[in-house]
Amino acid sequence: MNSNKKLRLGVISALAEEQEGLVEAMKGPHKLTHAMRDYTQGNLWGIDAVCVLSRIGKAAAAMTAAILVEKFEVTHIVFTGVAGSGDIFVKVGDIVVAESLVQHDMDARPLFPRFEVPLTGLSRFPSDLALSDHLAFSAQDFLSDELKSVFNEVEAKEFGLDEPRLHRGLIGSGDQFIHSRAQLGQLKEALPDLLAVEMEGAAVAQVCFELGIPYAVIRTVSDNANEDAAVDFMRFVRTVASRYAFHVVKRLCERLVGRT
Ligand code: SAH
């Protein structure tokens, strides 16, 4: 956050619903289509930003992150999206900010330990602490001060958004939509501190690590990664996800203005 280089924030989501409203909120938006994706650069609440949808999965996310840095010269990246819960204490409607990310489907045994990304020596990629702190404060403020005005009582009840909480810890990414207790159970055995499962974050993490770009990942929990996950996910993404993302990113930009 104290770098001399002027901040330009890259904002990635996999799906349109995970960042709906951000491009519309931009001042002076300028859209450029490159490699099958739309990159929109503009001013987001005082912050120079570039918003893009990566689509789903690790390769899609990695490519998008690399292009954001190399072609659009972003200095920081935030991934905002939804995820399945990876722990009984993490409920639908809660928010998880990553402290570190693991590619949970990486397995080059016996050549390398399980989860280690070959030749990086890493299985867990740590996110940038300063950017993650800003994101976590933004998320906490949103949950405590704003949630009740953003969702009416019927919506809050339907999605069980009574007292959503913020968690910080390990997020796992893989090219799998986790939708069974057995699948999640196996992962938890190997990664007991896992808080959430999704399909992009740890790929963005590897790209940012290799390019030396500070990054943070925030996920709203849309489902329990169990047999009901597909149905819960669809309902949540349609109704809830974009409002979380919009308000948290707005708060993040407002925090970053003046601190850069
Ligand atoms: N059927 C959906 C596919 C969504 S894939 C469609 O056609 O649009 C799920 C997306 O949400 C991924 O981008 C992933 O990062 C996140 N996600 C939410 N819940 C997840 C879960 N249980 N397992 C893995 N990824 C999940």
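The side chain of Asp223 makes a polar contact with the side chain of Ser222, at 2.7 Å. A polar contact here is a pair of N or O atoms within 3.5 Å; within protein, one must be able to donate a hydrogen and the other to accept it, and residues adjacent in sequence count only if both atoms are side-chain atoms. The Asp223 side chain also reaches the backbone nitrogen of Ala225, at 2.8 Å.

Before going further, a word on what you're looking at. This is a predicted model, in which local features need pLDDT of at least 70 and side-chain atom pairs count only at pLDDT 80 or more, while totals for chains, interfaces and linings use all residues. Residues are numbered from 1 along each chain as its sequence is written, and side-chain values use heavy atoms, with hydrogens and water left out.

Back to Asp223, which you'll find in strand S10, residues 215-223. (Helices are DSSP runs of H or I with at least four residues, strands are runs of E with at least two, and both are numbered from the N terminus.) Asp223 is buried but has no salt bridge. Buried means under 20% relative accessible area, exposed means over 50%, and partly exposed is in between, using a 1.4 Å probe and protein chains only. A salt bridge needs a side-chain nitrogen of Lys or Arg within 4 Å of a carboxyl oxygen of Asp or Glu. For Asp223, the nearest side chain of opposite charge is Arg219, 9.2 Å away; for charge, Lys and Arg count as positive and Asp and Glu as negative, with His and the chain ends not counted. Setting aside residues up to four places away in sequence, Asp223 touches Ala83, Gly84, Ser85, Val92, Phe177, Ala229, Asp232 and Phe233, where contact means heavy atoms within 4.5 Å.

Asp223 also leads us to the ligand. There are 17 residues around the ligand, and the closest are Ile178, Met199, Glu200, Asp223 and Phe233; a residue is near a molecule or strand if one of its heavy atoms lies within 4 Å of it. A polar side-chain atom of Glu200 sits 2.6 Å from a ligand oxygen, and a polar backbone atom of Met199 is 2.9 Å from an oxygen atom of the ligand. Arg219 turns up here too, with a polar side-chain atom 3.3 Å from a ligand oxygen.

What about charge pairs elsewhere? Side chains of opposite charge can pair when their charged atoms come close. The count comes to 16 salt bridges. One of them joins Arg8 and Asp48, at 2.8 Å from N to O. Arg8 lies in the segment before strand S1 (9-13) and Asp48 in strand S4 (residues 47-53), so this pair ties together parts that are 40 residues apart in sequence. Asp48 is buried, at 18% relative accessible area.

Helix H7 (residues 229-256) has its own pairs. Arg235 forms a salt bridge with Asp232, with the closest N and O atoms 3.8 Å apart. These two are three residues apart in the helix, so about one helical turn separates them. Arg235 is partly exposed, at 30%. Lys250 and Glu254 also meet in a salt bridge, at 3.2 Å, and being four residues apart in H7 they too are separated by about one helical turn. Lys250 is partly exposed at 28%, and so is Glu254 at 41%. Salt bridges that share partners also join Lys58, Asp105 and Asp175 into one network.

If you're wondering about cysteines, a search of the whole structure finds zero disulfides, a disulfide being a pair of cysteine sulfur atoms within 2.5 Å. Cys208 is buried at 1% relative accessibility, and because its sulfur is 15 Å from the closest cysteine sulfur, in Cys51, a bond is out of reach. Cys253 is buried as well, at 0%; its closest cysteine sulfur is also in Cys51, at 8.2 Å, too far for a bond.

Most residues other than glycine have a negative phi, and most peptide bonds are trans. The bond from Arg109 to Pro110 is cis, with omega near 0 degrees, and Pro110 is in the loop between S6 and strand S7 (124-126). Leu119 is in the loop between S6 and S7, has a positive phi of about 70 degrees although it is not a glycine, and is exposed at 78%. Met36, in the loop between strand S2 (27-34) and strand S3 (37-44), has a phi near 70 degrees and is exposed at 69%.
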